[in-house]
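Q: Got a model up on screen. Can you walk me through it?

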Amino acid sequence: MDREKRLLALRNRLAYVEDVFGPDGNDSIRVLKARAAEFLERLPHFPQADVEREFRRIEELLDFSEKKLEKELTPMDRVRIVRHPQRICLKDILENVYDNYSEIGGQGEYNIDPSVLIARAIISRRVGRRVVNQPVLVIGHEKGHGEEFRNGGSAKPWGNAKALHYMKVAETENIPIHTYVFTPGSYPVEDYPGAAQQIARNLYEMSALRVPVVAVFSEGGSGGAEAVALADRRIMLSHGYYSVISPEGAAAIEGRLRNGQRADSALVERCARQLAITAQDNVANGYVDRVVQEPPLGARPDHFEFFKTLRREILQATNEVVSSVKSMKLFRAMALSSRTHRKAALDPESIYVRWDLSNAARDRLLCKRYQRFRDMSHHAYRDNRTFMDKIRSGLEPLCWSLHSFVSYGLARGMRKRVRDLAEEVSAEAFLISERVVRPARKALSRFSGPDQPRAELGKRAKEALTRLSCPEEGACINGDSWVWMSGRAREDRAVSCPNARTHGCPDLWAPDLFSEFAGVCPCCGHHFSMEYEWYFYNVFNYAEAQEFNADIESGNPLEYEGFDAKIEQARKRTGRKSSCVTFETSLDGVQVVVASLIAPFRGGTVGAAEGEKFILAAERAQKKHYPFIAYVHGTAGIRIQEGVNGVIQMPRCTLAVRRYIDAGGLYLVIYDTNSYAGPVASFLGCSPYQFAIRSSNIGFAGPGVISETTGMPVPPNYHKAYQALSRGHVHGIWDRREIRKNLYQVLLTVGGRNLYYR
Amino acid sequence: MLNIKELLEDIKSNPYKEIIVRSPHTGTVEFAAGKSGDMVRGRAGTWGEKPGTLLAHLTREKNKKPIYAPEKGEIVNIRTELEGAFVEAGQELLTLRHYLTRKEVIERILKQALFLFRAPERAKYYFIPEVDQKLKVSGKRSVKVFEGMDMLIVSRMKRETPLAYSGPEGLIYSVYFHRGDNVDEGEPLLGVCPEDQLSTIQDVVARVQSEWEEDE
């Protein structure tokens with residue numbers, strides 16, 4: 001029986017090695033295979049006494065080969081490792097790292113989403129003479145060693161909602177959360193709550209989750225990973241990957257493949273290498289704190305030593321987070337930090353830190369979390385601001401804060417008192433005028449006859465209010481012609497409305513359509529897409545706006561092949577340095593800060609520069625007590641060529657937005673044309689006030705990706721704004737011609753307590 | 001009285017539907033489809049989202065619009081002499097010959113032979129117990145219906161109301177709804193045929209089912 005088990009283990013190890021190195025393999029694997037085949041052939045004929053020795057020899061050979069092959073691993077091999085059914089999964093970790101656990105929120109396939117596993121786990125340790133049980137909440141993706149119903153760890157929106165629900169439970173119970181990221185990406189469906197909106201909600205809540213969170217990455221696939229990974233410490237397994245997109249997805253985009261065509265393996269390999277997805281890359285970029293070394297060719301469920309290491313690392317990370325915000329730590333903090341710096345120090349099992357936090361410690365935790373993410377990815381964009389600009393950008397916020405403190409803090413009370421007094425006085429005056437002046441005037445008018453000009457004025461006002469048009473004055477022009485007109489309005493040609501077949505719209509003459517009609521079909525109301533300048537000038541009063549941080553430039557931080565030229569081309573075409581334009585403007589007298597993602601610059605994708613500008617804009621709005629408007633002219637998602645430098649903007653910007661909203665601001669998002677993926681699944685989708693312009697599309701993944709991933713056909717109107725509205729993802733749909741009016745109304749009616757005009 | 005056999009013979013003698021593709025408005029024509037005898041396909045996809053084969057482009061005021069094939073078929077008459085010419089609205093551009101499918105033939109026969117009793121509102125429909133019993137015991141073609149006969153129960157939002165049959169007298173030929181399913185407004189509930197034509201219709205439909213060769 002023992003022999004059978006050993007034989008099975010041997011076969012599994014061999015199959016694993018073969019799978020990891022892909023169909024092509026290499027010489028070492030071929031030799032190993034030949035030796036193994038020879039062993040298996042000869043095994044029945046070995047004398048009983050030699051079996052043990054032969055087994056040991058072939059196992060040693062396997063050990064040796066694994067060590068040798070470990071050095072040859074390419075990034076794509078690592079991708080194959082994390083996706084292999086023999087790879088450790090969350091259940092193995094729960095069994096081997098924690099001392100006890102109960103699975104909650106579903107069991108096995110009887111689960112709202114079997115790909116998300118939640119457990120209340122206990123870590124027991126001996127402190128002096130007593131045993132201490134420290135509870136934690138474990139949340140993560142479960143691949144279940146290839147169980148089909150687990151969906152490969154691809155969490156559905158309702159799975160992420162379940163995760164969020166239990167995070168709140170942990171917050172109530174004041175216990176730390178350990179999250180394990182084993183996902184190739186989120187399951188891209190829009191059904192309520194919607195992939196993008198739910199990830200955004202998770203990020204938003206995690207931004208201010210008042211308990212320590214430690215995340216462990218094995219397979220970190222973009223947005224799906226971020227939904228549970230906004231953490232105070234991020235640990236990565238040495239053979240894992242953390243990426244903005246799967247290498248296959250990147251290759252499909254690079255190779256411009258459509259309709260589920262497969263990219264060739266060389267291109268996939270190249271993309272995997274260029275995206276900087278490995279643990280070492282992520283540590284070097286500062287997106288992961290530490291790497292947990294795995295056995296050669298990755299950890300499998302029988303590597304018990306590895307689980308011990310993982311336990312130590314997790315204890316250490318949790319202790320570090322807690323002790324960094326606790327007031328009573330003293331020697332333990334020193335012991336912990338000494339372990340971080342010197343390898344051979346105290347075992348974290350021997351350092352006991354209580355993991356529950358006081359209210360003050362919780363506040364400190366949130367500050368540290370914000371600062372931690374705020375400090376990331378500064379190397380990934382080009383800051384071309386002059387030295388003076390940088391100094392100014394450092395000093396200005398102080399002035400704004402001071403100004404806000406004086407005018408909205410100190411002076412506000414005084415102003416309020418003066419206003420109250422004025423109101424009282426005017427009420428008194430009104431009363432006197434009603435009682436004394438009015439009867440006197442009435443008596444006078446009785447003698448002198450009716451007041452002629454006043455009667456005439458009243459008649460005119462009445463007529464203006466009740467008449468619908470002014471026929472004798474010719475065409476009734478209301479004076480709302482547009483300040484900026486599209487270049488397309490100068491072309492002498494007709495344009496067909498896409499709804500012509502169903503709505504019978506007549507052809508439209510381009511000069512009419514793109515000027516007076518503002519790109520709206522007068523028959524069916526379809527909105528043709530308009531240039532971002534149209535909105536800038538006609539809605540946001542850009543001519544008088546003050547643009548800031550225009551010199552923060554998108555770069556090519558990963559030195560992605562050919563991307564420099566593409567960025568340069570986008571820069572030349574648009575005259576801008578990144579796809580995010582931030583400015584301060586006034587809307588009918590209300591000062592606002594606007595951050596806009598413009599589609600002509602690399603599809604409005606978000607990279608490190610865009611993220612930084614967005615955060616700076618949010619901080620500016622917060623300091624000045626202005627409303628903050630995100631106008632999304634179009635965004636195709638996170639810029640894949642920047643790799644994790646791009647994807648980290650999801651938590652970074654969400655943290656900034658959360659901070660702004662918590663400070664009592666008004667964060668408003670307006671979607672136009674097409675808005676997809678990462679930004680919608682984070683800092684845009686988390687806004688409590690989201691509006692869409694008619695005929696826009698909003699979603700997580702495009703129809704091609706959805707049908708490719710889920711195998712389901714996607715209806716043509718799946719991403720339309722009205723669908724998003726009926727799913728509850730946006731809160732209203734606006735006509736382009738009425739944005740300014742609607743915006744003004746929203747500015748006056750919604751938002752927090754800390755706006756300067758309130 | 002309707003002669004169903006004659007109708008079938010008629011269809012058999014000319015199993016095609018001729019579709020004349022006309023210019024929807026004025027403009028300059030550029031043909032994109034090949035020549036007479038070429039096969040084209042119609043609108044496809046679950047939601048009809050994939051357009052058919054591109055037949056021509058019609059350009060008016062620098063606005064180039066595609067004209068797609070509405071159904072599957074063969075081009076029989078393409079007016080190539082119009083290539084590059086300015087045409088009026090409603091001008092014949094080409095003719096498609098669409099070979100009728102088995103379903104279309106049956107539909108065409110039943111449309112003429114049956115009376116369709118349609119759902120007046122979106123609801124669940126049930127037969128009244130007596131009719132239900134009879135249908136279960138002796139099959140649907142044994143139930144005779146007449147004007148004003150109480151036949152169905154309309155069940156919607158826990159409200160149940162009887163529905164009387166209105167239409168010509170005859171036998172229930174087919175039932176188009178299932179117990180417990182919601183039926184949309186205007187969808188057919190029952191197909192009723194005159195008593196004396198029942199066997200002929202059954203026979204013809206069976207023949208079409210077995211004999212009609214579909215042009216793949």
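A: A term to start with: two strands pair if DSSP finds at least two bridges between them. Helices (H or I, at least four residues) and strands (E, at least two) are DSSP runs, numbered from the N terminus. This is a predicted model: local features need pLDDT of at least 70, side-chain atom pairs count only at pLDDT 80 or more, and totals for chains, interfaces and linings use all residues. Residues are numbered from 1 along each chain as its sequence is written, while chains are lettered from A and ligands numbered from 1 in the order in which they are written.

Q: What is the bridge partner of B:Ala123 in β15(B)?

A: B:Val183. Two bridges join β10 (residues 123-127) of chain B to β15(B), and the two run antiparallel.

Q: Which order do the four strands of that open sheet take?

A: In chain B the order is β13-β12-β10-β15, with antiparallel pairing. β13 (159-164) and β15 (182-183) of chain B are at the edges with a single partner strand each, so one side of each has no neighbour in the sheet.

Q: What domains does chain B have?

A: Domain 1 (15-99) and domain 2 (104-211), with bounds from an automatic or database domain assignment. Their centres, over C-alpha atoms, are 39 Å apart.

Q: New topic. Which residues touch the most other members of the largest nonpolar core?

A: A:Phe217 and A:Phe628, out of 187 residues. Helix α12 (residues 304-325) of chain A gives the most to this core, eight residues. Such a core is a set of buried Ala, Val, Leu, Ile, Met, Phe, Trp, Tyr and Cys residues joined through C-beta atoms within 7 Å. Buried means 20 or more other C-beta atoms within 10 Å of the residue's own, placed from the backbone.

Technical notes
A residue is buried if 20 or more other C-beta atoms lie within 10 Å of its own, exposed if 12 or fewer, and partly exposed in between; C-beta atoms are placed from the backbone.
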